[in-house]
Amino acid sequence: MVNEIAVISGKGGTGKTTVCAALGVIAEDVVMADCDVDAPDLHILLSPSIKTATEFVASKVAVIDEDLCTECGICEEACRFSAITDSRVDPISCEGCGVCEYVCPEDAIQMVERQSGNLYDSDTRIGRMAHAKLLPGEGNSGRLVTEVRRLGTKIATDNGISTVLIDGSPGIGCPVIATVTGIKLGIIVTEPTMSGIHDMRRVLELLGKFRVKATVIINKFDLNLENTKAIEKFCRENDAEILGKLPFDPIMTKSMVAGTTLPEFSPEHELVKMLEKMWKRVESIVKSSQ
Amino acid sequence: MALSIGATNLLDCDVEEPNVHTLLHPTKLQTSSVTVPTPLVNQDKCTLCGKCAEFCQFNAIFVGKTKTMIYEEMCHSCGGCKLVCPDDAITEVERSIGKIHQSSIGQTHLVYGELSIGEPIATTLIKAVKEQVKADAINILDAPPGTACPVIETMRESDYLVLVTEPTPFGLHDLSMAIDVVRELKIPFGVVINRAGIGDEGVTEFCKKNDVPLLLEIPFNRQIAELYSRGIPFVEEMPEWRQQFKDLFNHIVELIQNGE
């Protein structure tokens with residue numbers, strides 16, 4: 001069986017992707033999956049070479065045949081997304097529901113498939129990787145996330161790899177829900193700021209709602225020791241294990257600027273030792289919950 | 001910026017993770033619930049014909065052997081199922097997906113949305129926050145991260161977009177994706193570099209090469225980071241920055257006026 005482990009954060013910019021890539025290198029035998037499809041960054045550190053690219057089509061868009069259209073305005077009135085003005089469709093607003101096609105008395109509207117993004121199956125120097133890119137202005141990030149996970153799990157199954165390590169997106173909305181539904185373990189990377197704590201609490205509640213076991217890494221913990229204590233207390237009270245605390249260190253950004261992961265950039269660094277410990281703990285949590 | 005230019009209407013559209021209130025600490029909140037129309041099946045009238053499930057593009061309806069079920073969270077409220085039902089078995093009821101809070105703090109009127117945990121669709125709530133945009137005021141909107149529908153919903157109808165990035169490969173990559181979307185929307189924009197000095201020159205070079213105006217650089221500064229961590233807007237403790245944001249705002253107003 002393949003175990004999926006997702007690194008998420010709630011708030012953007014907490015170091016989620018940097019931590020995820022570092023854990024991926026330390027783990028050795030994992031498939032990486034970048035589910036942050038509307039701002040994917042993992043490829044910057046892992047420089048994947050794409051083996052297969054697939055067009056991702058998940059939704060439709062309304063197209064009006066101008067020759068048949070009598071500009072009666074019925075579609076405009078029926079559309080709940082204000083996507084039709086003066087008998088023209090705004091493809092960015094159109095959600096592809098098909099109501100306009102249904103109500104049009106002239107059969108002048110057709111729903112056509114639209115490409116929302118690309119899905120990639122790639123090789124990297126640390127192993128295989130599933131990732132994707134949403135086209136500018138396209139929605140449906142939730143479904144694309146589901147496709148990335150499906151591909152990641154397939155690669156793992158085909159190659160006898162037991163773990164897929166997922167880089168999730170910030171927030172708590174559809175791409176995050178699509179990322180965490182049915183996974184084995186969530187790793188929340190937070191920071192000791194008021195907004196970091198606020199967002200961690202919301203994403204913890206989300207994991208609880210979907211019955212996913214939650215763990216927490218406090219990044220840049222020394223930025224505010226009082227807030228770090230508050231996070232530790234909150235996690236104790238809410239059954240979320242703290243995997244560890246990472247001090248603020250410019251080496252995180254330096255390794256990113258070098259286009260590589262922290263363990264590859266500086267294998268003997270104390271942060272790497274800490275991350276190795278955290279990954280050991282992750283492995284034993286996953287093992288004991290089998 | 002809102003705290004540096006006098007009276008503003010400040011709208012936090014990052015409804016999944018709203019954070020502006022963690023800096024402004026509003027006390028008296030006026031709260032209202034935001035609802036969406038969701039189908040309700042009258043099981044007595046329903047003949048299990050399955051037309052609604054077939055029509056639904058969002059997999060929100062499942063017709064079983066004895067019952068038609070609605071997965072409310074998946075529903076986009078298009079109203080299609082009600083339209084296609086031949087037996088008039090579907091009505092729509094209002095369902096809460098989140099809240100809107102409002103409060104005045106000094107000269108700032110804060111509005112923020114809070115999506116309920118487990119609700120996937122943020123755009124409806126963002127639209128509701130944006131209904132509080134005031135035509136005769138300066139409206140500053142705080143957008144969610146990324147480039148997908150919630151960001152687009154926030155940006156639309158704006159007069160100007162300020163893209164805040166950091167000078168790293170991640171910052172540059174996400175900025176260039178955001179610019180691709182902004183160009184589709186055809187709204188004028190400029191860039192602010194936050195935490196300047198922590199990374200490389202990639203963002204600055206990119207802006208120069210692509211004629212993107214670089215509006216302001218905020219250096220990486222431990223004091224700013226610590227103030228933020230404590231929930232204190234740095235312009236309050238470092239008032240010299242107020243003038244910088246005032247200048248930035250005036251510059252943006254000029255850019256908008258020159259563009260028209």
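A residue is counted as buried if 20 or more other C-beta atoms lie within 10 Å of its own, as exposed if 12 or fewer do, and as partly exposed in between, with C-beta atoms placed from the backbone. The structure is a predicted model, in which local features need pLDDT of at least 70 and side-chain atom pairs count only at pLDDT 80 or more, while totals for chains, interfaces and linings use all residues. Residues are numbered from 1 along each chain as its sequence is written, and chains are lettered from A and ligands numbered from 1 in the order in which they are written.

Chain A contains 11 helices and 11 strands, these being DSSP runs numbered from the N terminus (helices, H or I, at least four residues; strands, E, at least two). Its C-alpha trace spans about 70 × 40 × 40 Å along the principal axes, and 53% of the 290 residues in chain A are buried.

Within chain A, strand 10 (residues 213–219) has 6 of its 7 residues buried, so this strand is largely enclosed by the rest of the structure. Strand 10 of chain A runs parallel to strand 9 (residues 185–190) of chain A, to which 6 bridges join it, two strands being taken to pair if DSSP finds at least two bridges between them. In this pairing A:Val189 has A:Ile217 of strand 10 as its bridge partner. Strand 10 of chain A is also joined by 5 bridges to strand 11 (residues 241–246) of chain A, again in the parallel sense, and here A:Val216 stands opposite A:Ile242 of strand 11.

Strand 9, helix 7 (residues 194–209) and strand 10 of chain A make a right-handed β-α-β unit, where right-handed denotes that, with the strands pointing away from the viewer, the path from the first strand over the helix to the second runs clockwise. Strand 10, helix 8 (residues 225–237) and strand 11 of chain A likewise make a right-handed β-α-β unit.

In chain B, 5 strands form an open sheet of mixed pairing in the order 2-5-6-1-7. Its edge strands, each pairing on one side only, are strand 2 (30–41) and strand 7 (139–142) of chain B. The twist from one strand to the next averages 20°, with axes fitted as lines to C-alpha atoms, for helices over the stretch in contact, and angles running from 0 to 180 degrees between N-to-C directions. Strand 2 of chain B pairs with strand 5 (residues 90–105) of chain B in the antiparallel sense over 12 bridges, and B:Pro39 stands opposite B:Glu92 of strand 5.
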